Amino acid sequence: MKKKIVFIGLLGSILFILSCRSTLPYIDTARHRSTYPYKKLIAQKVAKVEYYVLDAKMENDPDLGGRILRIDKNLIIAANCFYGDVAFFDRSGKQQSFFNCKGKSDSTIHSYISNSFWDASRKELWLCDNPYLHRIVVYNKEGDYLRTIITPDTVQVGQLLDYDSDFFLAYDEKRASQMWNDKKELADRKPFVLISKKDGHVKERLPIHSIRYFPHYVHQDSFSIAHNSYMSFVNGRYVFADIGSDTIYSYLHGRKDGIFHKIPPAWIQKDYLKKMWVNAWTDRYLFLSGMMLYDINRKKFFLYHIENEDICHEENKFTLNSDYPGLVMYADNVLCRTYSSDSLIAWDKRGLLSGKLKKMIPQLKPGDNDVYMLMSF
C-alpha cells in the first residue's frame, strides 16, 4: 500500500511538472525529422547579406583557427586564433592594422584566442586565452597592450557577451564540464555568469539551471539542445541554450521566459542525451542542427534549407550547421560563408551569378582571396 501511495504521488508530481511546461511548444526528439514540414528560406530575406574580399590573406579555415571575430558598422576584425594574428579591416575589406598577440609574457595570449569581445565605445579588443588559463588580455585597435584580467580559478570563461558597462556575460565551461562529467549532481548548476570588466570577479550566476549531469557516451546522430554553450542577444533580449537543459530561454533584467522545450526530458533518460544544437537566431527563427528550424511566430518546427538568390548553382543551398564546409558562425549572430574567387569567376562565365555577386566579378582575378558572404541576423 505504501509503495502504491509513493507511486501515485510520483506520478502526480510528473504530471504536474509536465502540465506546467505544456504551454510551451516542444520538439519530440524521438520523432523522425523527415516527418516535419519543409521550409525554404531565401538568405536575402532572412538576413542582411554582404560580400567582401579582404585585401590581406587571413586563413579562414576554422580547423586552423581562422575566423572573423567581430563585425560592426565600421569594421571587420579577423584572426588566426591558434597563431595569434589579428587584423582590422574597414567595411570595404581594406586592412587598417595588424598585430600578433601570442607569446609568453603577461601582455600576450599564451595558448590561443578562445573568444573575444570588441568594445566599440572604448575601442578595446578583449581576447580570451585558453579557458584553463583564466586570462583575458585587452588591446587597442593598433595592437597596443592595455591590461590583463585574471578570472577566478572556479570559472573557465567560454563564450563572452557584453552585459552592461561594468560586466560581461560569460558561459562557465568549468561548471558545464563538471555537470557533464561529475557523477554527483551539483547543488548550484548555473553556468551563465556575470564577470567584472574591471578585475574579473564573478558577481552572480544567472538563474538558468541545467537539469542534471549526463554520462560520457552520447549518440552522435541524435539531437542536442546546444553544442557546448550558446548565448546571443537578439531583438533586445538574451537567448540562452545549455546542453544540460531541456528548455531554450530568453532573458532580460532578471526575468527568464521559456521559448520551447524538448521531449522526452533529460531527467528521465538513462543511457544517452537526445541532443539538438542551436546554431543561430533571428527575431523570427531559431536555426537548429539536423536541418531543423523553429519558427518563433508560428511556434512550429520545420526541416529547412537556405538559398542564396545571387547564385544559380547547387552551391546556393545550405543550412546553418556549424560543421558545414566553408561556413563559420561567430559572435553577434553573423554567419560567414566563403566562396572561392576562382569558382565565382567560373560560375559567372556560365551565367550562374546575379545581383551583388555578379557586380563583384570585375574586381576579381584568378587566385584572389576568397569572397566572404556575411549574413547578419
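Student: Among contacts in the protein chain between residues at least 6 apart in sequence, what share joins residues at least 24 apart?

Tutor: The share is 53%. Keep in mind that this is a predicted model.

Student: What makes up the secondary structure of the protein chain?

Tutor: There are 5 helices and 27 strands. As for burial, 53% of the 377 residues count as buried. The chain exposes about 18300 Å², and carbon and sulfur atoms supply 53% of that area.

Student: Why are strands E12 and E15 said to stand at the edges?

Tutor: Start with the order of this open sheet: E12-E13-E14-E15, with antiparallel pairing. E12 (157-162) and E15 (202-205) each have a single partner strand, so one side of each lacks a neighbour in the sheet. Neighbouring strands here are turned by 30° against each other on average, direction ignored.

Student: How do you know that E13 and E14 pair?

Tutor: Pairing needs at least two bridges. Strand E13 (residues 167-172) and strand E14 (residues 192-196) are joined by 5 bridges, so they pair. They run antiparallel.

Student: Why is the contact of Asp 162 and Lys 197 called a salt bridge?

Tutor: The cut-off is 4 Å, from a side-chain nitrogen of Lys or Arg to a carboxyl oxygen of Asp or Glu. The side chains of Asp 162 and Lys 197 meet at 2.6 Å, N to O, so the pair qualifies. Asp 162 lies in strand E12, while Lys 197 lies in the loop between E14 and E15, 35 residues apart.

Student: What makes Arg 122 and Asp 119 a salt bridge?

Tutor: Their N to O distance is 3.9 Å. The limit is within 4 Å, so the pair counts. Asp 119 is buried at 7%, whereas Arg 122 is partly exposed at 46%.

Student: Why is Arg 255 called exposed?

Tutor: Exposed means over 50%. Arg 255 has a relative accessible area of 54%, so the label holds. Its salt-bridge partner is Asp 257, at 3.1 Å, N to O. Asp 257 is partly exposed at 23%.

Student: How many salt bridges does a search of the whole structure find?

Tutor: The search finds 10.

Key:
Residues are numbered from 1 along each chain as its sequence is written. This is a predicted model: local features need pLDDT of at least 70, side-chain atom pairs count only at pLDDT 80 or more; totals for chains, interfaces and linings use all residues. Side-chain values use heavy atoms; hydrogens and water are left out. Helices (H or I, at least four residues) and strands (E, at least two) are DSSP runs, numbered from the N terminus. Buried means under 20% relative accessible area, exposed over 50%, partly exposed in between (1.4 Å probe, protein chains only). Contact means heavy atoms within 4.5 Å. Accessible areas come from the Shrake-Rupley method with a 1.4 Å probe; for residues, only the protein chains shown count as cover. Axes are lines fitted to C-alpha atoms, for helices over the stretch in contact, and angles run from 0 to 180 degrees between N-to-C directions.
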